[in-house]
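Could you walk me through this structure in my viewer, one selection at a time? I have not seen it before, so please say what to click and what is there.

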Amino acid sequence: MSLPRRQRLLRIGTILPAVITAVAGVTVALVIPAAPATPPSPAAFSSHAPIGALDSRYISPGGVRAVGWDLDPDSAKTALTTFARIDGKWVGHTVAALNRPDIAKAHPSAGARHGFDWFIPVPEGNHTVCVAAQNVAAGANYSLGCMTRTFDYGPYGAINTVSAAHGSMHVTGWTIDNDNVKAPVTTSITVDGKAHQVTANKSRPDVASAHKGAGAAHGFDETYAVPQGSHTVCVSAASIGFGLGNSLGCKTVTLNDSPVGKVDPLAQQSGKLRLRGWAFDPDQPTTALTLTLKIDSTPAKTLVANLTRTDLAQAHPNAGKAHGFDQLLTLSEGSHKICLTANNVSFGSTTTLICRSAALNFTPTASLLTITATSTGASVTGWATDPDTSAAISARITVDGRTKSTVVAKAAGSSHSGHNFAATVPMTSGRHTVCAIGLNVLYGHANSSASCRTITLALKPLGKFEKLARVTGSNNLTVTGWTLDPDTTSPLSVVVTVDGRSAATVRAATARADVARSYPASGAGHGISSTIVATDGEHTVCLTAKNVGGGSDLSLGCKLIIAVHPVVPSAPRSVRAVAGYSAATVTWTKPTTDGGAPWTKYVVTASPGGRTATAGATATSATVTGLKSKASYTFTVRAVNVAGTSSGGTSPRVTTQDTPPPQRTPAPVSTSRYIRNIRGSSSAELATMRREGAADAKANPSGHAYMVLLDIGGQDQYNNGVVLSATTRYVSYVDLTKDLKAYADGYHSAQKVSAPVTIAVGTNNDMDVNATTGKAWATQVINPLRSYATRYAGMTIAGANDIEPGFRAAYSQTRSWLSGYLAATSAAFVFNGSADGCAWTVTNRGCNNGWSMAGLYNLSAGASPVRMLNLPQIYNNTMADQWKYISLTGVASRQPRIRFGGPLTELTACVQSGSCGSLSGRSAWSKLWQNLQSDSRLKVSSLPYATDLRIDR
């Protein structure tokens, strides 16, 4: 929308330097500097045109006052004609002949009579005003400067407040006209289109402070009687001198002197309806207001709102707190229309605070949620509540209209917590309707409606065969137990079989108080206590309870009683053995007889050596572990019962395998280590290394071969030692070798039979890397340790190197290191590096830092295909894909495929550090195996190892 004229002026005026705003106005005059005060020197004359400056421009009522000087070098003492243009049109001129000593000082030949101080009339509106010096003789007129702005000479001011109360509207504000800043301005206040002329001469000290020189007599403060409702007030100020009058704007206000109040939510309380709230009339805010209450069609009732409401006093301090009401209405159960009005005082009209229906409900509610069959009837769950209380109430459970139980609904639940119930209801077979009814408390008289569900039951007997024993001094047997059928309270018939043949039918009629306590609806006469004729041999006795009603017979189970004089079983038969690596699987057929008492287990014994395995009574096979490799064994199987151990059945002789079987499923994951917990070879450090070796060996079971990597760190050849990985700890070669020997001692102490291990001791290509350091690693670390470990069967020592394109040594340096190592030892070499930046879908590409897939093939296999084993880092699936294509890079150049030992992961190390991620050993093994099996040129029959790094701290 368009703004009033004065508002537009104020928005533009705020960008001028000399504008000062206070309350909502501007100064009497605007001083706008136009040019430097110091005149240019004669050396500045470069043409015949005039020179000069517009020192100041003052915005005054009716126009602009221009102050400055000018002269023409061609006639230096001549007072020049200085003219003005408004919007490009000439409007007047003056002669620049005022005394300016500063000009005479700067231009002695010109003299002092070259100044001007000139008022230029400018009409209201947006205009460009320019001042120029008129040229004499040669040259051209010279512009002293221009200004563009909106000129508004009318009054300005503001509407400060518009408020309405007690039948009136109150308007305040102020206005000033710069044409006569001290004179009061005639102001028009228009209310809903009706104009009221006032003089803005009320005292406003704040205006006087903000507008220096204007004084305080510029305010207006008027009150007008108006009806209730919305009203629009507009204020305009008439101009005193120059310019037109201006609008100060419009505001809208609503007058509402009617009572105000609020009714809190209607609530049922103590069997009544609670009506609570507050009300007062703004016209007499401290007076207690009368209210009119109408309920249904009954006569109206008068209330007085005079109770204390501290919340009201906080929200309406002018009213105070004595305006509350609180009534308990005695009403019948059901819906009622409640209307409450606040009676008006003085201006305004009566206010309706509430007029709506409210219901009183004294009747409980219940819900049967679930019904589930049990062995004696059904279990039910649900909830019940009464609107008169938050306490738990009782729920009546009925079956087919008859009360079966009453429970208190006080349990927790997902809904109606504190009001849930659960009950077990005895029933008979057939279709039944089960209902839950909430029982009324306090007010009202009705219980809840029934919440019902149906269930169809086919109940069979229940019971237990508790004991089978010999009659003292006899071969006969006693059977003890109990049984009942929910469909009858009469004793049941029980069929007794001995060794699968019917022996007797007995009645379960013996009194059993414990059964009566558990099943009170059935009574006590349901015990089984009978004697059965039998021989002295082993017998299997079974009991079956005969059903009554809708179910079926129930087997109470069978029990075995051994012979009076049992003997050991016969020997197991058809014993066979299949030998593997470090173990053999033995099978047999059960004995022909058990000797009158069931055997409880089998014992399998290997010969020689006496290694044993125990199997359960129903087993027909067992595995004997811990056998020597490439050794000949027989295996004897014996059955054991209460009478003793049978004679043995013996297998033909078999020979165990010489080496671990091919690893075609994920290999057991061994522990490898980042060694970071040594500095020398103190007794404490040696003990730690022995302890770690023993722990690693204990975790590696028989029947598999293992790879353990001890990742040491970078070589420091100058100091003849190493710096442990990711640390600054230096350890000499001598101390390191002692520590590694201690690890080997510890590993051997706990190494399992038939669990050979290769311990690979590794450096990296991140420090001193050349042929000399490769040789040093072989001669000062690997060879001494290898010679030491020859005392331990099943232990092999190998050198290793964590070679990565991302480390500091270049490919050529790393290749020299490997050559130095291979030439200085006959020990195997384990590559345990990465393939940073190499391709994972194609062969023979470049890798990071100028390395190549062909170069990595050479370092991991090609330099010595027989002695080198690849244990690549497989921390994610892409790393496994990279090594597939590095191996294919070698194959494509007619070289052997890489000999992979298995994956190296660092899942444990990542968990310890919390700063990386890795596949598990099993997942990495599976991914590498799949990659190798996916191409016939890489396919292998075994992938023996998987190992995971941890950090020693």
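**A tour by selection**

Start by selecting Lys-546, which counts as partly exposed at 34% relative accessibility; buried means under 20% relative accessible area, exposed over 50%, and partly exposed in between, with a 1.4 Å probe and protein chains only. Before moving on, note that this is a predicted model, in which local features need pLDDT of at least 70, side-chain atom pairs count only at pLDDT 80 or more, and totals for chains, interfaces and linings use all residues. Residues are numbered from 1 along each chain as its sequence is written, and side-chain values use heavy atoms, with hydrogens and water left out.

How many salt bridges does the structure hold? There are 19. For another one, select Arg-512 and Asp-514, whose closest N and O atoms are 3.0 Å apart. Arg-512 counts as buried at 15% relative accessibility, whereas Asp-514, at 32%, counts as partly exposed.

Next, pick Asp-326 and Arg-274, which form a salt bridge of 2.6 Å, N to O. This pair links distant parts of the chain, 52 residues apart: Asp-326 sits in strand 24 (residues 322–329) and Arg-274 in strand 20 (residues 272–280). Helices (H or I, at least four residues) and strands (E, at least two) are DSSP runs, numbered from the N terminus. Asp-326 is partly exposed at 29% relative accessible area, and Arg-274 is partly exposed at 27%.

**Two helix pairs**

Show helix 7 (residues 733–750) and helix 8 (residues 771–789), whose axes come within 10 Å and cross at roughly 30°. Axes are lines fitted to C-alpha atoms, for helices over the stretch in contact, and angles run from 0 to 180 degrees between N-to-C directions. That angle makes helix 7 roughly parallel to helix 8 (angles under 35 degrees count as roughly parallel, over 145 as roughly antiparallel, 65 to 115 as roughly perpendicular and the rest as oblique). To see the contact (heavy atoms within 4.5 Å), select residues including Leu-736 and Leu-740 of helix 7 and Trp-777 and Val-781 of helix 8.

Then move to helix 11 (residues 877–892) and helix 13 (residues 921–933), which pack at an angle of about 30° with their axes 9 Å apart. These two helices are therefore roughly parallel to each other. On helix 11, the contact is made by Asn-877, Ala-880, Asp-881 and Lys-884, and on helix 13 by Lys-927, Leu-928 and Asn-931.

**Last stop: a loop**

Finish at His-565, in the loop between strand 41 (554–561) and strand 42 (573–579). Is His-565 buried or exposed? At 64% relative accessibility, His-565 counts as exposed.

How values were computed
Salt bridge = Lys/Arg side-chain N within 4 Å of Asp/Glu carboxyl O.
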